[in-house]
Amino acid sequence: MLPYGRQSITDDDIEAVTAILRGDWLTTGPTVAAFESRIGELAGGHRAVSATSGSAALHMAYAAAGIASGDTVISTPMTFIATASMASMLGASVIFADVEEDTALIDPAAVDALVDDKTKVVAAVDYAGHPADYDRLAAVTAKVGALVLDDAAHSIGSTYNGRPVGDLADITTFSFFPTKNMTTGEGGAVVAKDPLLAQRAHEFHFIGLVRDPDRFRISTEGAWHQEVHEFGVNYRLTDIASALGIAQLRRLDHFRRRRQEITRRYDIALQDVDGVRLPVQRANVELVRHLYPVRILDGRRREVFERMRGDGIGVQVNYMPVYWHPVYADAGYRRGMCPNAEAFYAEELSLPIYPDLTDDQVDRVVDSLIRALR
Ligand SMILES: *Cc1c(COP(=O)(O)O)cnc(C)c1O
């Protein structure tokens, strides 16, 4: 089965990891710091804090933003559930704003209709690798003093008006799961423009330990001392994983190019095929395209999915609207509240796209799709 996404690993990646296994630091060492500084540079020069997953990064970002019960987080239903559920777990009420009909990105006008004084964070998702409209989102959140969060699990390496993902929102989270644009196995990161937010994210993922003597509230102890002011968790990424991350970052330009080539090959092969609608891209963005989401028209998505799976093509569907999950339905969320997201979900089919996918394999996917549509 051709998967819809998968990692690309070279001998350099393997050597980077084995070198760590032979060294002194498996975790909390200098390679973690080096990886964080490389991610921070790529993300516009802000501080990055690594994490054990993209979901962990979201949990850290919301905790750093001080999200607690009584707060509202506005997000998109067209995402993996963690974008919303990590805020729900901290007690926030999550409100879903509908997406734009064509891009499936959170619609700033829909957000504008929902923000109020309780809104602490507006969490956008760069679905398929396409940055959301951060200029318009910032204009909306400025009115109520809310932060903008970019769940950039799909979009590391993409740009918006020439600015890199990581520099577009107040807080950005990445995932380095194997299907994403680059991998550390499991892994993630938080990038924050405000150094205090970044430090809060760091402490939250490090058990809440405070190590800066200037901030100590206990002054009687020796040089061994560290203390906790707020509870935290252990979401530390290892040096092993960080070494893989540094090696993968060196190949991000290659990953961008190859994902763009595959996009072009699909765009050309499918442009005149009846019964499919191709993904759109705004003029002000450049993508490291994570997903190639086509829309299968005429109510035929399930049939086309099953036929292509039968052909050994690992097509996927991204995503069922988040509030359809029973955990949200049980809490009273009703179907029908975001019609654009539901219409998109009804038709969406993700075709395989990843750097090691060959042109011949792309052509096989195209043939399978065209035959499934006959
Ligand atoms: C993958 C993903 C996550 C979660 O990342 P993990 O590393 O799998 O925990 C969050 N949001 C989106 C949009 C994702 O695609």
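## Exercises on a predicted protein chain

The side chains of Ser-350 and Asn-318 are joined by a polar contact of 2.6 Å (a pair of N or O atoms within 3.5 Å; within protein, one must be able to donate a hydrogen and the other to accept it, and residues adjacent in sequence count only if both atoms are side-chain atoms). The model is a predicted one, where local features need pLDDT of at least 70 and side-chain atom pairs count only at pLDDT 80 or more, while totals for chains, interfaces and linings use all residues. Residues are numbered from 1 along each chain as its sequence is written, and side-chain values use heavy atoms, with hydrogens and water left out.

### Exercise 1: around Ser-350

Task: find the element that holds Ser-350, decide whether Ser-350 is buried or exposed, and list what Ser-350 touches.

Solution: 
- Step 1. Start with the element: Ser-350 sits in strand β15, residues 348-351. Helices (H or I, at least four residues) and strands (E, at least two) are DSSP runs, numbered from the N terminus.
- Step 2. Ser-350 has a relative accessible area of 0% and is buried. Buried means under 20% relative accessible area, exposed over 50%, and partly exposed in between (1.4 Å probe, protein chains only).
- Step 3. Leaving aside residues up to four places away in sequence, Ser-350 touches Tyr-4, Leu-291, Tyr-292, Pro-293, Val-315, Gln-316 and Asn-318. Contact means heavy atoms within 4.5 Å.
- Step 4. Now look at the partner, Asn-318: a cis peptide bond joins Asn-318 to Tyr-319, with omega about 10°. Tyr-319 belongs to the loop between α10 (301-310) and α11.

### Exercise 2: helix α4

Task: work out how many residues of helix α4 are buried, and which elements they pack against.

Solution: 
- Step 1. Helix α4 covers residues 82-89; six of its eight residues are buried, so the helix is largely enclosed by the rest of the structure.
- Step 2. The buried ones are Ala-82, Thr-83, Ala-84, Ser-85, Met-86 and Ala-87.
- Step 3. They pack against α3 (54-64), β2 (72-75), β3 (93-96), β4 (119-125), β5 (147-151) and α11 (326-329).
- Step 4. After the helix comes Gly-91, with a positive phi near 100°.

### Exercise 3: two alanines with positive phi

Task: locate Ala-104 and Ala-128, and give the phi of Ala-104 and of Ala-128.

Solution: 
- Step 1. Ala-104 is in the loop between β3 and α5 (108-112). Its phi is near 65°, positive in a residue other than glycine, and at 2% relative accessible area Ala-104 is buried.
- Step 2. Ala-128 is in the loop between β4 and α6 (134-142). Its phi, near 70°, is again positive in a residue other than glycine, and Ala-128 counts as buried at 3% relative accessibility.

### Exercise 4: Arg-371

Solution: 
- Step 1. With 43% relative accessibility, Arg-371 is partly exposed.
- Step 2. Gly-40 is 331 residues away along the chain, and its C-alpha atom is 45 Å from that of Arg-371.

### Exercise 5: the whole chain

Task: count the helices and strands, then find what share of the residues is buried.

Solution: 
- Step 1. The protein chain has 13 helices and 15 strands.
- Step 2. Of the 374 residues, 55% are buried.
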